[in-house]
Amino acid sequence: MVKHNNVVPNLHFHKKYLASSRGPLKVKLSLDQASKKKSRRLARAKKAAALAPAPLQKLRPVVHCQTQKYSAKTRLGKGFTLEELKAVGFSPKYARTVGIAVDFRRTNKSNESLELNVARLNAYKSNLVILKKGDDASSLSQLKGTIQPIDHSKPELEMADVTDDMKSFAAFTTMREARQETKVAGYRHSVKERKEKK
């Protein structure tokens, strides 16, 4: 019997890390994580050398975050839509060969986002250098990091003097009256129509 106000015993002693009737339980440990650090770094360098002088990362679109809470913020998306690529004159197959990420599932919900990403693609297109086989690429440097990162810098705050009009303005009363007007707008409209019919 449990005595006093203690934690209810709920201990998990059923895991068998050694050989058992169910066979050995596969518990993956990352004890070699530190020693693999060098091999991972060398693998990244090898990949970068194979891609050179092409950039390591692909160009990605600017998209709005999901849900109403975060929709005001922007981030880099998975890939450009077919509509955005068509506006620039790229086919999806060709776009992937020149370092542009393509997302077949995403669709454009607004004209503003379409224009923003088309401008992004046009800026990339103007700076794009395409080499043919046998061309000398020794003078070109490889771009590392994000291509065309988003500028998250906030504008400076403007300081203004408080005027008498600002002091006299009753914000709460104005909002309350406006809310009441919208509530009774339909009723007033129906009353007006009834009077006109008479």
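A residue is termed exposed when its relative accessible area is over 50%. Glu196, at 59% relative accessibility, therefore counts as exposed in this predicted model. Glu196 belongs to helix α7, which comprises residues 171-197. Between the C-alpha atoms of Glu196 and Asn6 the separation in space is 76 Å, and the two residues are 190 positions apart in sequence.

Three salt bridges are present in the structure. One of them joins the side chains of Glu84 and Arg106, with an N to O distance of 3.0 Å. Because Glu84 is located in helix α3 (residues 82-88) and Arg106 in the loop between α4 (92-97) and α5, this pair ties together parts that are 22 residues apart in sequence. Glu84 has a relative accessible area of 0% and is therefore classed as buried. A salt bridge also links Arg105 to Asp103, where the closest N and O atoms are 3.9 Å apart. The two partners fall into separate accessibility classes: Arg105 is exposed, with a relative accessible area of 68%, whereas Asp103 is buried, with a value of 8%. In the salt bridge between Glu181 and Arg188, the closest N and O atoms lie 2.9 Å apart. Glu181 is partly exposed, its relative accessible area being 44%, and Arg188 is likewise partly exposed, at 48%.

Lys36, Lys37, Lys38, Arg40, Arg41 and Arg44 form a positive surface patch. Within this group, Lys38 is situated in helix α1, which spans residues 37-51. The relative accessible area of Lys38 is 54%, so this residue is classed as exposed. A nonpolar surface patch of about 240 Å² is contributed by Val129, Leu131 and Leu140. Of these residues, Val129 is placed in the loop between α5 and α6, and its relative accessibility of 56% assigns it to the exposed class.

The loop between α5 (111-127) and α6 (164-168) also contains Gln142. The side chain of Gln142 takes part in polar contacts with backbone oxygens. A polar atom of this side chain is 3.1 Å from the backbone oxygen of Ala48, and the side chain of Gln142 also reaches the backbone oxygen of Ala54, at 2.8 Å.

Most peptide bonds are trans, and most residues other than glycine have a negative phi. The peptide bond from Ala52 to Pro53 is cis, with omega near 0°. Pro53 occupies the loop between α1 and β1 (62-64). Positive phi values in residues other than glycine include that of Thr67, near 65°, and that of Gln148, near 50°. Thr67 is assigned to helix α2 (residues 67-70), whereas Gln148 is found in the loop between α5 and α6. With a relative accessible area of 54%, Thr67 is exposed; Gln148, at 23% relative accessibility, is partly exposed.

Conventions. Residues numbered from 1 in each chain as written. Predicted model: local features only at pLDDT ≥ 70, side-chain atom pairs only at ≥ 80, totals over all residues. Heavy atoms only, no water. Patch = residues over 30% accessible without salt bridge, like charges linked within 9 Å, V, L, I, M, F, W, Y side chains within 5 Å. Areas by Shrake-Rupley, 256 points an atom, 1.4 Å probe, with all protein chains shown as cover. Salt bridge = Lys/Arg side-chain N within 4 Å of Asp/Glu carboxyl O. Lys, Arg positive; Asp, Glu negative; His and termini not counted. Charge placed at Lys NZ, Arg CZ, Asp CG, Glu CD. Helix = DSSP H or I, 4+ residues; strand = E, 2+ residues; numbered from the N terminus. Buried < 20%, exposed > 50% of the residue type's maximum accessible area, 1.4 Å probe, protein only. Polar contact = N/O pair within 3.5 Å; in protein donor to acceptor, adjacent residues only side chain to side chain.
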